[in-house]
Amino acid sequence: MKILKALWPTVLLVALLYLLGNSHGTVPAIGKLFNPFTGFWQNSETNPNKPENLTLSGLQEEVIIKYDENRIPHIFAKNDHDLYYAQGYTIASDRIWQMEFYTKVAAGRLTEIVGERALAYDQYNRRSGMNLAAENVVARLDEEPELKKTLEAYADGVNAYLATLTEKDYPLEYKILGYKPEPWSPKKTMLMMMNMRNQLNGGSTDFRMTQLAQKYGMDVVNELFPDYPVMADPIIPEGSPLLFEPLPVPATPDAITAFPEDKTVAMSLQNPRPEIGSNNWAIAGSKSATGLPILANDPHLGLSYPSIWYQMQLTSPNVNVYGSCLPGAPGITIGFNKDIAWGVTNVGPDVMDFYKINFKNNNRDEYWHDNQWKKTTKRTEKYVLKDGKTVIDTLVSTHHGPVIYFENSKDNFNKSVPAGYAMKWITHDSSPTDLNCFLGLNAAKNYDDYLKALSYYVAPAQNFVFASNQNDIAITPNGKLPLKWNDQGKFLLDGTRADHDWQGFIPSNQNPHVKNPERAYVSSANQSIVSPKDYPYYIDWISAPPYRGTQINKRLAAMTMGTADSLRSVQNDNYSLAAEWFLPPLLKILENSPSKYSEEIALLKNWNYRNDAHEKAPSIFETWINILLDKVWDDEFPSNQNLMHPSEDKTLDLIINNPESKWFDNINTKDKKETLEDIVLSSFTQTIDSLNKTYGLQSDEWQWYKVKQTGIRHLIPAFEAFSTFNIENGGGKRIVNASTDKWGPSWRMVVELDKEWPKAYGLYPGGQSGNPGSKYYDNLVEPWSKGELKELLFLKNEQESSERIMALQTLKPSK
């Protein structure tokens, strides 16, 4: 007994050391995290400057990197291999955890970090084919030898940085979650690209529209969900001439949908979010003060830490380009060089369709298609959990694509995804050319180079805006777009019928396009692409509401002697066209009815329709319009049954032109027939009651920024300490300045082209560093919230000096 008592403290110490030194499930190794020599203390950045000189294996020649006051690197290399090697090294030194996290999401490998709770999510991502698509792209890289060299050089640079790390140097997230970085590879770059395809083109409404057609019939679908919006200001101006001889459009089959046998079933895949998209435009020299074009772009994505984008300048004998890039991918994604500038917004085409599969038996070795049995392909997937356990899964695919779930599946991440449907998705395309588009734009000198670069692009389809110092402007909704019969994929499709298959692709030179239009500007804001009268092919039926696009076009049409600041003011435009259009008829109804909310009504009547940060009226209007839309539509199209609501412009059309419409009656109240007036009054009462309950009686707590609550959140939601909340800015999802609670302008850029050297301005909400302990983690948030832009330092060559250069780094090849 005495021996046991003597040993007990030692046993306890050993047990404690084991518990603190090892992770347990999703709980990190607390001892390692708090270790003063290797733990989180080491992530406090006391010296933000980069080391002056490094010797790296794999470099061919010396590389010079100049860092400006915002830690933006300006890389000067003597050859392209070293340029992309240095790019990989530099980005990894600031963002390696972010880079790897995105690849683990796309590859379906989060279970390795957080354990079994991520298994269903991983299985969905793996089954949807992103990991396999990345593998297939890499397998074809020999078809693009120069691109392969670029990807390998980039990967070598990332790995050169990883080789310098010890445990104390790991980014904080690795220490908290208890794992370490892996070597980089071209496949991981492709997983980054697949992640963007999923973010921007990974949604579908086919299932919801099929439910609607089942429940109400095609007449109602055509009335309330038309293929072209009621209020349209398309990207390609109406009346634009068709400049090509179109291909024959596939004939529409006698049956255009496959109805699921269970009529209550719906899918809960993410829905496309066209209301949160992006803006871009360019004005011609005839509208600018300089006599040459000015281009602007602000892609709207999730507001997150680390920032989605990374700024840099890349210079070699073959290229000198500045802009923002995706951490993990070589080259500049949105930017400019001496002669041209370009930007992108999401097209949101219908490139994900679902096919009902008829298997021969439960073995699922064969399926019926085109009057014959065809072989499926099967692939074994292994998921490794954090505790080391493995889960084996079998992926079954047809020529349409993978079947995500089967009857009686118990592992559905999306619990209501209809079983037995194959996913046909452009992301599965294995063409290894996407990055050639951006690398081509990086070095482009003119309009012809722009068109050539776009011909390489696959997905996610983007509206590529262009401007050059030869006084050309253009915009092209561009990507690999299926050649379909009209409305093909608006509903679930029949996987047994050959006439429901995709019938090929629209040639890239026949994608919608306009160059130097008479109106002297081009623009996009995710609105409808082109009028069906002006274009022969079906691309999609759904688009963003017209507010942003119409407001931008109004501003640009009126613009003369435009400057970079003129375009910056458009990017920060808080004017609400939705309020301008909706409020007059709604207020007319309120004014004709007694109300105890006279003060709130007066706020709306006297409002200038601007969603400015400290205004109270936007809080009332934005809350009201959401409640009003739900009250109009949720009885016939209940959101809890995953049914879509008709568009806002269709609702406005009914309010103005058909106020007696049957759709204003609530079908759930059998003893009364509601009118538009009833809906308006009850929704307004509910709005004020909701604001009173949430924020108290009307006060400064009703200011729009306090209600909107814009925040920039860490990629791991639980890491709230590394997030920024309640940012003081205006805007909204219906506003050109599309800043909401979690979404907004992820990068603002304005470029003034010039015959000699362009001037450019930009910033994004965050900073260059992914380290929460760095002052460069969030140093640009405050100017972003104010709508400011920083002048971008675009150096002509390595020899040019600037007082803005704060640090110099030399990368030397090892002997």
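This is a predicted model: local features need pLDDT of at least 70, side-chain atom pairs count only at pLDDT 80 or more; totals for chains, interfaces and linings use all residues.
**Exercise 1.** At what angle do helix 6 and helix 9 pack, and how are they oriented to each other?

*Solution.* 
- Step 1: Locate the helices. Helix 6 covers residues 130-139, and helix 9 covers residues 186-201.
- Step 2: Take the geometry. The packing angle is about 130°, and the axes lie 9 Å apart.
- Step 3: Classify the angle. Angles over 145 degrees count as roughly antiparallel, and 65 to 115 as roughly perpendicular. Helix 6 and helix 9 are therefore oblique to each other.
- Step 4: The crossing of helix 6 past helix 9 is right-handed.

**Exercise 2.** Which residues make the contact between helix 6 and helix 9, and how many fall in each class?

*Solution.* 
- Step 1: From helix 6, list M130, N131, A133, A134, E135, V137 and V138.
- Step 2: From helix 9, list P186, K187, M190, L191, M194, N195 and N198.
- Step 3: Sort by class. The contact has nine nonpolar, three polar and two charged residues.

**Exercise 3.** Which side chains meet that of E135 in salt bridges?

*Solution.* 
- Step 1: Apply the cut-off. A side-chain nitrogen of Lys or Arg must lie within 4 Å of a carboxyl oxygen of Asp or Glu.
- Step 2: Check K187. Its side chain meets that of E135 at 3.2 Å, N to O. E135 is in helix 6 and K187 in helix 9, so this pair ties together parts 52 residues apart in sequence.
- Step 3: Check R379. Its side chain meets that of E135 at 2.8 Å, N to O. R379 sits in strand 14 (residues 377-384), so this pair ties together parts 244 residues apart in sequence.
- Step 4: Look at accessibility. E135 is partly exposed at 30% relative accessibility. K187 is partly exposed at 25%. R379 is also partly exposed, at 25%.

**Exercise 4.** Are K484 and D350 buried or exposed?

*Solution.* 
- Step 1: K484 forms a salt bridge with D350, with the closest N and O atoms 3.6 Å apart.
- Step 2: Place the residues. K484 is in the loop between strand 18 (473-478) and strand 19 (493-494). D350 is in the loop between strand 10 (340-346) and strand 11 (352-356). The two are 134 residues apart.
- Step 3: Apply the cut-off. Buried means under 20% relative accessible area. K484 has 1%, so K484 is buried. D350 has 8%, so D350 is buried.

**Exercise 5.** How many salt bridges does the count give, and which residues does a network of them link?

*Solution.* 
- Step 1: The count comes to 36 salt bridges.
- Step 2: The network links E100, K104, R109, E112, E182 and K188.

Key:
Residues are numbered from 1 along each chain as its sequence is written. Side-chain values use heavy atoms; hydrogens and water are left out. Axes are lines fitted to C-alpha atoms, for helices over the stretch in contact, and angles run from 0 to 180 degrees between N-to-C directions. Helices (H or I, at least four residues) and strands (E, at least two) are DSSP runs, numbered from the N terminus. Angles under 35 degrees count as roughly parallel, over 145 as roughly antiparallel, 65 to 115 as roughly perpendicular and the rest as oblique. A crossing is left-handed if the near helix is turned anticlockwise from the far one by less than a right angle, and right-handed if clockwise. Contact means heavy atoms within 4.5 Å. Ala, Val, Leu, Ile, Met, Phe, Trp, Tyr, Cys and Pro count as nonpolar, Asp, Glu, Lys and Arg as charged, and the others, Gly among them, as polar. Buried means under 20% relative accessible area, exposed over 50%, partly exposed in between (1.4 Å probe, protein chains only).
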